[in-house]
Amino acid sequence: LSLNLPSWEGILLLSIIVPLGLFTGLKLIGVASPANPEMIMLAPVTWQFNRTSAPSTVIDQTLNAAYAENAAELAFSVQLGSYREPGPEPTYTLNFEINFSAEAMSSEFSVKSVLLTFGNDSQPSQIWLPSELMSLENLTLKASADGYEAGALWLGSNTQDGIGCQLSARGYWFLETPNSVSSHRQIDLQTIYYNGSAYERVTQPFDLTLLGS
Amino acid sequence: LRRQLKVFSIATLLLFSILPLLSLPAEATGNSNWSMPRPTEYRHFYDNISSAVISSDGQTALTLTVANTTYIPASGGMDDSLAFQVNVAATTREGITYNWNSPPYGYSWVTVSQTISGFSGDNSCVWIPLNFTVLFYGVNYTGLWIYSNGFISFTSGNCAATSPTSLPNGNLKDTIVAPFWKMLKLSQGGSIKTGHIVQSWPGDNGLRDYQVFTWDTIPDVNGYPQTFQLLIQDRSGSNLFAENLIYFQYLSVTTESVPTTIGGQDRLGYHGTVHSLSGISNHQALGLTAENGAGGYGYRLTSLEYRITKSDLHAMLLLNPLYEEGWNVELNSSGDKHTSWWQQVIEAGATTLADLTGVGEVINGMYLLYDLTAAYAETEYIPASGDLVSANQNQNQASGYVVCESLDSSCSDGAMYGCPFDAAFVNSVYWYMCDSESLNHTITVTATASYEDWNYDVSQVSTSVVLSMHVGQHYLDLQTASEHADGTGAQNITNVPVWVNGEEYYSAPITLFGTHNTNYTVSCQSSIWIGSQRYVFHIWSPSPPGASANPQTFNLTSDLHLTATYYPDWSLNVSVPGFGNRMGHDRSQWDSVHRG
């Protein structure tokens, strides 16, 4: 029995067909797709603040987090502004700014979505994210709303591959409880991107606690 | 001829210039302009900037209050802003008047037999629930207090205060319907009876229910028996939402010179009418009916709106959709309760109105609205459902609009007259100043109430306030303490320690003198002179913001906080860290005493 080995032309052909077939097959079953990306959960950044009855307390503190790989460098931040007494609203109020930026290190890098999620507060409170105070760079706004009790989100997808993008959202956390009550919210900044070979979903949680005094 | 034509032209021009002014509403404004230096630190002004107006047709009163002004410095990536509440409130009760007429059926005595028990002798009253709603001076009532002395009230069982007075009487603060208000001696005879009848009289358009109250042979102070009755028509059905027809009938009364009042007044004792006693005779009927808005239907509010306009591109106006509230306006279904805040807002509006001078009619009319709204807020709060439109830097107008709708269940079915007599709308607003704290900014807040008559003819009334924040002037907060102003009688007090930002820093830059009694009346005068001008203090606490009179006299009941504003071009030895260049003054002595 003689074995007819393929000619070099055949090997070349197989070297193209097999990877393409594998890639197509994997894509069909959902591997390496935006709908089923690789999950990367970053360590939460925690922050605590003692609620105070002072008329206004300037905090001006920025919580930073970053994630880098070959295709991109991601930066996440939450800047806490000031905490103030009830005034135009019947609440103690914390104002903040949330930033996300992605710097492309590869021409194939592409952000498919940016998602901002506010977790539940066990105490009555509301989040206001005025769309007028939002700015996007190389991102298209997909959905937004002005006020949330929980589950707030902004969805953005970038408009061009191979370049970075930025999202900035400024807003207010209205605490409808006395200063003696603690409030807690988890803010998740999440992005799904393609790095040239796979889809990644990176989530950066920020745990914010306002301690009752 | 040319000269005559010239004179005629000028006269015509003048006439047409004046005509629009004559047709303007009876403007009755208060502190309609507010201009303050732009701070550099957080500052809660506690100011209420208000304006009130009565429409030119006299039907509607409107107030606009910008309350709780709070300056929030730039932080958290945000520009500095002035946050405030906008409170728009209106009432069409302003135009409700009752007049006398003869009932279309004439005199037709009704005999009723149910004796009302529970009177505790002379000068007493009893609560009677009704099985229909009575609309009287724009307020719905479901029962009444019947008084032994010949009148009823829908609002109060203050049975002791029963001496007849002329109406309207603001001291009573009660609704009064008085067929024959006279000092009667129920303990010496007679009775008070009631009954419910169904009758069709001319003008009734079919069968109508009437509640009848009869004061039956009750002797007056001279022993003469008095018999008269009050009929209130149930206007449910086709005549719903109109003021109820009220009739008086006199079977046997005496009109000798004993004080007697025939009339009625609203809950505040502001609107009311009396009928002359000499015009009354036995076997006579008298109608007391609302005349405005055609047949007592009244004018009703259809919408409230506020618009904020700006002319500069370096500002934004953001209207907070999470905190908008209202009374008699369309509501969201959410059940969140912020009752205390809502009450504060209402009280702020009422307090502001009370501070205004020369607008008594508006104040009285609006007090009723605030009273009702606060009472409602005690039990229930539902956020309003207004259309809010914010303004970006390149847009020059933001607006909030809400449709009026009566919260009264009997009027909430979208029926013809479901619009309310009064309504209020409150929203919180952020005015962002998008510059490096180097520009002046001005906004105009205009409130508009739309109201309609029974023909759906819509009218509007508006009023405005102007808010300005300017740069180049800064704040200096000084504090002293009341315990240094002790003693009785007139005293001169000097060398008062002054605390600045909580620290005792400087002795007696101000002079206190003239205290007496437990609440010290203090005159405060700056001892700081700038050239030939005395440094002026603005009083912020404990009293409401006052004028800048110097010396300033006020009641001192707690620690005293003073705020001075100063100009950089004055040779004052004060500066603010971070603003030294702008101020250009010596910072060595006062660095720790001032605030931006």
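A salt bridge here is a side-chain nitrogen of Lys or Arg within 4 Å of a carboxyl oxygen of Asp or Glu. By that rule, the count over all chains comes to 7. The structure is a predicted model, in which local features need pLDDT of at least 70 and side-chain atom pairs count only at pLDDT 80 or more, while totals for chains, interfaces and linings use all residues. As for bookkeeping, residues are numbered from 1 along each chain as its sequence is written, chains are lettered from A and ligands numbered from 1 in the order in which they are written, and side-chain values use heavy atoms, with hydrogens and water left out.

One of these salt bridges joins the side chains of K182(B) and D220(B), at 3.0 Å from N to O. K182(B) sits in strand β12 (residues 176-182) of chain B and D220(B) in the loop between β14 (208-219) and β15 (225-234), so the pair ties together parts that are 38 residues apart in sequence. Helices (H or I, at least four residues) and strands (E, at least two) are DSSP runs, numbered from the N terminus. Both K182(B) and D220(B) are buried, where buried means under 20% relative accessible area, exposed means over 50%, and partly exposed is in between (1.4 Å probe, protein chains only). Another salt bridge links D216(B) and K193(B) at 3.2 Å, N to O. Here D216(B) belongs to strand β14 and K193(B) to strand β13 (residues 191-199) of chain B, so parts 23 residues apart in sequence are tied together. D216(B) and K193(B) are buried as well. R307(B) and E305(B) also meet through their side chains, at 3.9 Å from N to O, and R307(B) counts as partly exposed at 24% relative accessibility. Salt bridges with shared partners join R38(B), D80(B) and D435(B) into one network.

On to the strands of chain B. Six of them form an open sheet of mixed pairing, in the order β2-β26-β25-β20-β23-β22; two strands pair if DSSP finds at least two bridges between them. At the edges are β2 (33-37) and β22 (387-389), each pairing on one side only. Within the sheet, β25 (residues 441-452) is mostly covered, with 10 of its 12 residues buried. β25(B) runs antiparallel to β26 (residues 458-470), and 12 bridges join them; in this pairing, I443(B) has L467(B) as its bridge partner. The two strands form a hairpin with 5 residues between them, and Y456(B) in the turn has a positive phi of about 65°. β25(B) also pairs with β20 (residues 300-310) in the antiparallel sense over 10 bridges. β20(B) in turn pairs antiparallel with β23 (residues 397-403) over 7 bridges. S303(B) stands opposite S450(B) in β25(B) and opposite V403(B) in β23(B).

H271(B) lies in the loop between β17 (260-265) and β18 (272-275) of chain B and counts as buried at 15% relative accessibility. Neighbours within four places in sequence aside, H271(B) is in contact (heavy atoms within 4.5 Å) with residues including R93(B), E94(B), Y137(B) and D266(B).

Chain A has 1 helix and 14 strands, and 48% of its 213 residues count as buried. One of its residues, C165(A), is buried with a relative accessible area of 3%.
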